[in-house]
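Okay, everyone, let me put one up on the screen.

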Amino acid sequence: DNFVDFDQRHIPQASLSAEDFSLLLSADVSFNQGVYSQAAGKYYYLANKYQDPRLIYKAIICFEHSSSTAEDYAKLNNVVLSLHPDQFVVLNSLKENIINNSIRELIHQVNIAKFLGAVQITLHARGVYGDKTKSIERLVNVINDLPSEIKQYLCLENDDKSYTPKDIINICELTGCRFIYDVFHHKCNPDDLTIQEATNYC
C-alpha cells in the first residue's frame, strides 16, 4: 500500500466502533489538511487499539512531517522532550504476555522518540503484587534484558502510592536507568529522603 494515500477505506467500517470510525475520519481530514500533529495522535491511538500496522505507519508519516518542527522548537527554547507511556506498560507484571506487550509498546515509543527528538521515555515501576522485594527483582531483571535501544531512553519515576524515590533510586542503580523525581508524588508517598536529597540524585 501507499500509506501517503491511505484513507478510511483501507479498514472496513464494521471493524471500528462508530466513535472510532469518526475519529479515523477526523484524522484523515487533519492529515489531508497538513495538520500532521493532530492526525498523528489519533492514528496512533487507533493503531494501538486495533493492532493494525497500517495505522501506525500512517502515524509515523505524520511524525516524520512534524518532528523537525518539534525538535527545532525544543532546542531553540531549551525544552527537554519526554514521553510518558500509559499505565498499561507494566514491566514487572506477573503475566508474561503483559510484559511482552509492554516491551512491544516501548519499541513504538522509541520510534516516536526518534522522530520527535525526545531524549527520554519515563515509566513508573507499577505493581507491587503483595511483595515489593520480588516485584523490584522482577523489574530489574526485565529491564536488564531489554534491547539497548530501549534502555538508552528509559527513565524511572517515583509514584504517589507504591514506589518511593529511594525505591526507584535503588532500581536505577541496578539497571543503569536515569531517575526522574516527582516532588508531588514524594509528598504523597514519602520516605526518609528530603526533597533536596532526592533532587540531588537526578
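This is a predicted model: local features need pLDDT of at least 70, side-chain atom pairs count only at pLDDT 80 or more; totals for chains, interfaces and linings use all residues.

Quick definition: helices here are DSSP runs of H or I with at least four residues, strands are runs of E with at least two, and both are numbered from the N terminus. On that count, the protein chain has 9 helices and 4 strands. In sequence order the pattern goes α-α-α-β-α-β-α-α-β-α-β-α-α.

Residues are numbered from 1 along each chain as its sequence is written, and side-chain values use heavy atoms, with hydrogens and water left out.

Overall, the C-alpha trace spans about 55 × 40 × 30 Å along its principal axes. Of the 202 residues, 44% are buried, meaning under 20% relative accessible area with a 1.4 Å probe, protein chains only.

So, how do α1 and α2 pack? Helix α1, residues 18-32, sits at an angle of about 145° to helix α2, residues 36-50, and their axes are 8 Å apart. Those axes are lines fitted to C-alpha atoms over the stretch in contact, with angles from 0 to 180 degrees between N-to-C directions.

Then there's α4, residues 96-116: its 21 residues reach 30 Å from first C-alpha to last, close to the 30 Å expected at 1.5 Å a residue, taking 1.5 Å times one less than the number of residues. Its buried residues include Ile99, Leu106 and Leu116. Just after α4, Gly117 has a positive phi of about 80°.

Key
Buried means under 20% relative accessible area, exposed over 50%, partly exposed in between (1.4 Å probe, protein chains only).
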